[in-house]
Amino acid sequence: MEDPPASEMDSKNPNAEDEDRRPFGGLEFQVSEVVGRLEAVVNAQDGVTNTQESVIDAQDSAANYPEFFESSNKEPPKEIPSDLELDETPMDEILKVLEDIVMKTDPNCESLEPPLLPTDAVTRAAILSHSISALFARLERGHAAKLGGYIASETTRWMSYLFRLEDYNAYYHQEQLEGLVRVTKMLLHHKYPRYLEDGALAFANRLPCIYSCVASPLGVVQHLCRQLGLPLACVRPVPADAAGRTDVPALERLCAEDARAGRAPLLVLGEAGAPPLGRGEPLRALARACAALQLHLHVRGHALALPAALPRGQTHSIADSLTLTPGPWFGVPGLPTVTFYKIPETVTANDHSKGVNPAGSRESALAALAGLTAGAARLAALPLWTCARAAGEQRLTRRIVGAFRSARAARALVASADLRLLSEPPGGDEPPNVDIVDAMSQASACVVFQFAPADCGARVPPYYDKLNSWLGQVLQREPDMMSVEVCETEAHGAALRYCPLEGAAGGAGADEAGAAWAGALEAQLHVLRATVALREPFRRSVRAHPRLALARVPGWAGLGGVRYEPAGWARAPRAQQDALQRSLVGALRAADGAFSCGAADDGRACVRFGMVTADTDVDELLALVADAGRAAEAGARALDDMTALVKRGISAAQEELARAADEGLLRRVPVVGRVVAWWAPPAPPAGRRLLLADGSLQTTEDIYRRVQKKEEEPPRAHSPSRAPPDDQ
């Protein structure tokens, strides 16, 4: 979103320019200004009275309970660590410490200055509203309830108008699935009047059923069951049709079977452009079936934002409850999630709870709603209320329209690159007379694609999973481009996903970022196609080489891995084999950085070949490996010969030392020693040296003689020109 002119609050700060250069900008000044103004209004009436009462209460307490105010020396105080004894710190120093922590905890921060947090006027307003919300917690309960109700009511009207909703209540929360949990709890109170008193025992004999398509994420229903203490047997998977959507006739049959089995159909979870593939549901047919079966339909997904990008005039209330995520949609952090819901109808006489007072069941449902309508819960709408007022309806609409436009442009780029598309076309370009519910059922709001062979089935081969992961990692490293993530899908394998409604930019610089992203994608696709084309010739050349062997490297997207194996190398120790491969990599990387050392599936080291281009000569690369292997082999052979020479010299030295030791032993015998000394006088001690040229052991007598001769030579006289000066 484009930044508006600076606010009046910023212009009042004399140091606004200096503060904007800091990571937190002028937020400290704005928060202090607003908090000071609000405190002055709230505390104007009771400031003096509360001070006097506090003094009187303190005096009475000291007089009546002196034991609590007198110091006691019975037990010495425990020593407190010095780092826990905090002193009063000015706010400027606290912000400096926080800036240092931001720098230390940012792995990508290479500068000496803390990174600037991207904020605009709307983001600053949302951040500021959290401080105001904390301040409102000091109000009286009744006052806070009225204030929260007013803010929530205005916000609900604005959001309903923006997203074309009709006849809904709203619940604002931080956790994305919290609203669904509260709505399901309300339904349990509605279906089971004794749920408030008996808890899970209320449906021990009549288990509730929650229906979810097999193509939907399983984590949603698992989280729902964990939060409400429901067994996983409550989850009823619904088959999907050929398009991957909920099979409505199969849902009707499944509900009929559950009703005959004594279960209670409760809730259907539907999707409209939900991640990861952005697929939707036939919402109109699904809503019609749920109404006939008395099931509650809850819908979630990014396609629910599509009505804000369509022309005015239509509204909808197709679902009984739905979840909106305005924070990512508007690109503003800190905004709450909104769950719009309808209160269920009262229990009729034909229901399973026949004989139960309908009013009592209604009161149970309203008791479940107590958490939804509390003042503190309604006050959670304050950041969204502030954001809506700061941005205005037109700016928020432009943000959503720009997101759908960016998704359509990305889909066109992917289609032109001959990649496999897995998601439905994004919405936003429907004709004026299109039905709003049908548009949400068909829109995806994201682009999911993958690099795949032309003749593969639904799921790509495992090697292409590695290629798609590599492509996603390379595109993620490109700065100032569209944000792409790698996702794993059960039906298709690894895929790449772009969703501008999840916080990715779709505003002023979207066109430039899309053009740069298209160029980067095309360049990497050339590398992918060349690598795939040369992979089989590479394997054939390796099999044909007498000294090279293929190595299977799991998780590697390059050409593959090889080992250089000299003749008779299979009997060599594993450590020696790995050392040879590592030395090969070290020598090869000096010539080409495409080589790297890796571990094969058997755990042994190998030489990895990375991604290549179309002009790469595979035989030349293998020749480099073979030449480096022969050089390493020759070096290893010379080292082996040197080792043998050293071992032979050490063995000869040990034999001579043994003979000298035996001879010295005879000389120490009292009688025999004299005879041996007369027969063979002891020779002066001499050292030994090992000649590495032939491995022979020789004495060091000639070295001693040369050193002794040099010591006996007279010193040379100094030349007159270098004579030291006479002492003066």
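**Notebook: a sheet, its helices and some single residues**

I began with helix 17 (residues 393-416), which lies across strand 9, strand 10 and strand 12 and runs at about 15° to strand 10. I took helices (H or I, at least four residues) and strands (E, at least two) as DSSP runs, numbered from the N terminus; contact means heavy atoms within 4.5 Å, and axes are lines fitted to C-alpha atoms, for helices over the stretch in contact, with angles from 0 to 180 degrees between N-to-C directions. Helix 19 (residues 462-476) also packs on the sheet, where it touches strand 10, strand 11 and strand 12, and its direction makes about 25° with that of strand 12.

I noted that this is a predicted model, in which local features need pLDDT of at least 70 and side-chain atom pairs count only at pLDDT 80 or more, while totals for chains, interfaces and linings use all residues. Residues are numbered from 1 along each chain as its sequence is written, and side-chain values use heavy atoms, with hydrogens and water left out.

Next I looked up the sheet itself, which is open and made of 4 strands in the order 9-10-12-11 with antiparallel pairing; two strands pair if DSSP finds at least two bridges between them. Strand 9 (420-421) and strand 11 (485-489) stand at the edges with a single partner strand each, so one side of each has no neighbour in the sheet. Strand 10 (residues 447-450) is joined to strand 12 (residues 493-498) by 3 bridges, and I found Tyr498 in strand 12 as the bridge partner of Val447.

Asp418, in the loop between helix 17 and strand 9, has phi near 60° and counts as exposed at 66% relative accessibility, where exposed means over 50% relative accessible area, buried under 20% and partly exposed in between (1.4 Å probe, protein chains only). Ala445, in the loop between helix 18 (436-442) and strand 10, has phi near 65°, but Ala445 is buried, with a relative accessible area of 1%.

In helix 16 (residues 382-391) I found 7 of the 10 residues buried, so this helix is largely enclosed by the rest of the structure. Among the buried residues are Leu382, Cys387 and Ala391, and just after helix 16 Gly392 takes a positive phi of about 85°.

Last, I looked at Thr156 in helix 7 (residues 141-162), which is buried with a relative accessible area of 13%. Leaving out residues up to four places away in sequence, Thr156 touches Tyr168, Ala170, Tyr172 and Phe340.
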